[in-house]
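Colleague: I have a model open and want to learn how to read its features. Can we go through them one by one?
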Amino acid sequence: MTKKIFGLVVVASLIAIMIAGFVKKNIDTEESFASEQRGVDLVNVSAEEGLVKGDMAPDFTLTTLDGKKVQLSDLKGKKIIVNFWATWCPPCKAEMPHMQNYYEDFAKDENVEILAVNLTNGDKVESVQNFVEDYGLTFPIPMDVEGKVGETYQAITIPTSYMIDTKGRIQNKIVGPMDENMMKDFVSNLD
């Protein structure tokens, strides 16, 4: 009986040490990040390409559904919503009317471009064309035929959207559908 109690005490102690170490590591990481950020003007720091807030958005060039080339870096100076979607995705279907309304009502006045990147590697061009016509979409629909852009942007769950500021830096990642108010709120925080 004493051996069992001793064994339980040892196991409980080891678990407590592991939890304390994990918590301390997380606190140290957060404190380290916070101390690195103090006094740093993030607006003027040159960012590296990546997917974290403040990173330069990875550049891409795709052909739109209507045959035009679009390159993300050519849109620098605009606020950009890069949205990854597919025709077979129910949340994407729910989101598209909101995106169209936002595009018609606010995008021009707020210097915003929407790039609704279709993950064509999991879709058919004919389906995309029908979808665009059925929903009356007028914003650019770049076609990610090989799925490489979606992979780069880690668009595993769709819809996934990135809010990119006028300098080409990622400011937000939204997983799931957005409505017009969400788009207005996110865009209003972009510079």
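Colleague: Where is Q154 found?

Modeller: Q154 sits in the loop between α4 and β6. Keep in mind that this is a predicted model.

Colleague: How exposed are Q154 and N111?

Modeller: Read relative accessible area against two cut-offs, 20% and 50%. Q154 has 46%, so it is partly exposed. N111 has 32%, so it is partly exposed too.

Colleague: What does P91 touch?

Modeller: Set aside residues up to four places away in sequence. P91 then touches I158, P159 and P177. P91 itself is in helix α2. Its relative accessibility is 32%, so P91 counts as partly exposed. P91 and G176 are 85 residues apart in sequence, yet 7.0 Å apart from C-alpha to C-alpha.

Colleague: How many disulfides does a search of the whole structure find?

Modeller: The search finds zero. Cysteines can still be read for burial. C89 has 3% relative accessibility and therefore counts as buried. C92 is at 0%, so C92 counts as buried as well.

Colleague: What do nonpolar side chains tend to do in soluble globular proteins?

Modeller: They tend to be buried together.

Colleague: Which residues touch the most other members of the largest nonpolar core here?

Modeller: That core has 44 residues, and F60, L72, I81, F84, I141 and Y153 touch the most other members. Elements that give two or more residues to this core are β3 (79-85), α2 (90-107), β4 (112-118), α3 (125-135), β6 (160-164), β7 (170-175) and α5 (180-188). Take L72 as an example. Beyond four places in sequence, its contacts include F60, V82, L115, Y153 and I164.

Colleague: What share of the chain is buried?

Modeller: Buried residues make up 37% of the 191 residues. For the fold, count elements: there are five helices and seven strands. From the N terminus they run α-β-β-β-α-β-α-β-α-β-β-α. Now sort the contacts between residues at least 6 apart in sequence. Of these, 68% join residues at least 24 apart.

Colleague: How does one find where empty space is left?

Modeller: Roll a probe the size of a water molecule over the atoms. In this structure, the second largest pocket has a volume of about 200 Å³.

Colleague: Which residues line the second largest pocket?

Modeller: The lining is T64, L65, D66, K68, K69, V70, V132, L137, T138, F139, P140 and I141. By type, seven are nonpolar, two polar and three charged. I141 is on this list and is also one of the core residues that touch the most other members.

Notes: Residues are numbered from 1 along each chain as its sequence is written. This is a predicted model: local features need pLDDT of at least 70, side-chain atom pairs count only at pLDDT 80 or more; totals for chains, interfaces and linings use all residues. Side-chain values use heavy atoms; hydrogens and water are left out. On a 1 Å grid over the protein atoms alone, a cavity is a set of points where a 1.4 Å probe fits but cannot get out, and a pocket is an open set with protein on both sides within 12 Å along at least five of seven lines; lining residues have an atom within 4 Å of a point. Grid points are joined across faces, edges and corners, and a volume is the space filled by probe spheres set on the points. Ala, Val, Leu, Ile, Met, Phe, Trp, Tyr, Cys and Pro count as nonpolar, Asp, Glu, Lys and Arg as charged, and the others, Gly among them, as polar. A nonpolar core is a set of buried Ala, Val, Leu, Ile, Met, Phe, Trp, Tyr and Cys residues joined through side-chain atoms within 4.5 Å. Buried means under 20% relative accessible area, exposed over 50%, partly exposed in between (1.4 Å probe, protein chains only). Helices (H or I, at least four residues) and strands (E, at least two) are DSSP runs, numbered from the N terminus. Contact means heavy atoms within 4.5 Å. A disulfide is a pair of cysteine sulfur atoms within 2.5 Å.
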